Amino acid sequence: MLYWICWTGFWVFTHLVCRLHVHGREHVPKTGALLVVPNHLSWYDPFLLGLAIPRRVWFFTKSEIFRWPLVGKICQWTGQISVARGESDRSALEKALVCLHEGKALVIFPEGTVERQEKMIPAQTGAAMVALRTGVPILPIAHVGSRKVLRTWRSWFPRVDIYIGEPYVPSLPAGMSRKAGLREVTQDMMLRVAAMLPSECRGVYADDVLNPQGELMDKG
């Protein structure tokens, strides 16, 4: 109940501070375990994604946020998962696995931190490891414009576009070590996100492009 009360409040507030446009909501499975993997541009991203995804979602949330006034309490009361950035947080991983085994939708930002230049940066392999251990579908999401939300009065009411891709189930490539396979699955995941972004926002994933079927295109 608290989650949906907060959701309503953030829906009203968000539509007062930006123009939110969501594309591809029909790709979101209504039920069942789901691992959502978006790019990361702003501290406001979780609120925007919570509004964009038409079902209850849980977030991998950096532990510092749990110490913020009010916001930290909301994270605690709504059952978000605290994770220590830059460390091997086994407790957070176990909670993530339990969350997915219970059929919930979990959001993990593979890049792990906000990119100030609004370009993608190299992702960590944690999300891929969770996906492979649970066998749940991955839902790639790309968004642009969120970094301008609540930045300055001059950038008030910016347009934010969220693109929701089609879910897919990854698999460990045959003949690869687990470490190399995790990197390969992570690369594929992020290329699916990058394919939905303008070319100038793809950052380190700009050199490769996937077609709508998730296949690497020959740029030559």
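Modeller: Start with a word you will need. A residue is buried when its relative accessible area is under 20%. Keep in mind that this is a predicted model.

Colleague: What share of the 220 residues in the chain is buried?

Modeller: Buried residues account for 48% of the 220 residues.

Colleague: What does the C-alpha trace span along its principal axes?

Modeller: The span is about 50 × 40 × 35 Å. Now think about contacts. Take those between residues at least 6 apart in sequence. Of these, 69% join residues at least 24 apart.

Colleague: Let me try burial on one helix. Is α2 enclosed or open?

Modeller: Helix α2 covers residues 45-52, and seven of its eight residues are buried, so the rest of the structure largely encloses it. The buried ones are Asp45, Phe47, Leu48, Leu49, Gly50, Leu51 and Ala52.

Colleague: What about Ile53: buried or exposed?

Modeller: Ile53 has a relative accessible area of 2%, which means that it is buried. Ile53 sits in the loop between α2 and β3 (57-62). Leave out residues up to four places away in sequence, and Ile53 touches Val28, Val36, Val107 and Ile141. Ile53 and Ala105 are 52 residues apart in sequence, yet their C-alpha atoms are 9.6 Å apart in space.

Colleague: How do I describe two packed helices?

Modeller: Two packed helices are described by the angle between their axes and the distance between the axes. An angle of 65 to 115 degrees counts as roughly perpendicular.

Colleague: Now α4 and α5. At what angle do their axes cross?

Modeller: Helix α4 is residues 90-101 and helix α5 is residues 126-134. Their axes come within 11 Å and cross at roughly 45°. That makes α4 oblique to α5. The crossing of α4 and α5 is right-handed.

Colleague: Which residues of α4 and α5 meet?

Modeller: Leu93, Glu94, Leu97, Leu100 and His101 of α4 meet Met129, Val130, Arg133 and Thr134 of α5. Sorted by class, the α4 and α5 contact has five nonpolar, two polar and two charged residues.

Colleague: How does α5 pack with α6: what are the angle and the axis distance?

Modeller: Helix α6 is residues 178-194. α5 and α6 pack at about 105°, with their axes 8 Å apart. They are therefore roughly perpendicular to each other. In α5, find Ala127, Ala128, Met129, Leu132 and Arg133; they meet Arg178, Leu182, Val185, Thr186 and Met189 in α6. The α5 and α6 contact divides into seven nonpolar, one polar and two charged residues.

Colleague: Met129 came up in both contacts. What does Met129 touch?

Modeller: Met129 lies in α5. Not counting residues up to four places away in sequence, Met129 touches Leu93, Arg178 and Leu182. Met129 has a relative accessible area of 27%, so it is partly exposed. Gly126 is in helix α5 too. Gly126 counts as partly exposed, at 34% relative accessibility.

Colleague: One last feature. What should I expect of phi?

Modeller: Most residues other than glycine have a negative phi. Now look at Leu150. It is not a glycine, but its phi is positive, about 60°.

Colleague: Where does Leu150 lie?

Modeller: Leu150 is in the loop between β6 (138-144) and β7 (159-164). At 30% relative accessibility, Leu150 counts as partly exposed.

Key: Residues are numbered from 1 along each chain as its sequence is written. This is a predicted model: local features need pLDDT of at least 70, side-chain atom pairs count only at pLDDT 80 or more; totals for chains, interfaces and linings use all residues. Side-chain values use heavy atoms; hydrogens and water are left out. Axes are lines fitted to C-alpha atoms, for helices over the stretch in contact, and angles run from 0 to 180 degrees between N-to-C directions. Helices (H or I, at least four residues) and strands (E, at least two) are DSSP runs, numbered from the N terminus. Angles under 35 degrees count as roughly parallel, over 145 as roughly antiparallel, 65 to 115 as roughly perpendicular and the rest as oblique. A crossing is left-handed if the near helix is turned anticlockwise from the far one by less than a right angle, and right-handed if clockwise. Contact means heavy atoms within 4.5 Å. Ala, Val, Leu, Ile, Met, Phe, Trp, Tyr, Cys and Pro count as nonpolar, Asp, Glu, Lys and Arg as charged, and the others, Gly among them, as polar. Buried means under 20% relative accessible area, exposed over 50%, partly exposed in between (1.4 Å probe, protein chains only).
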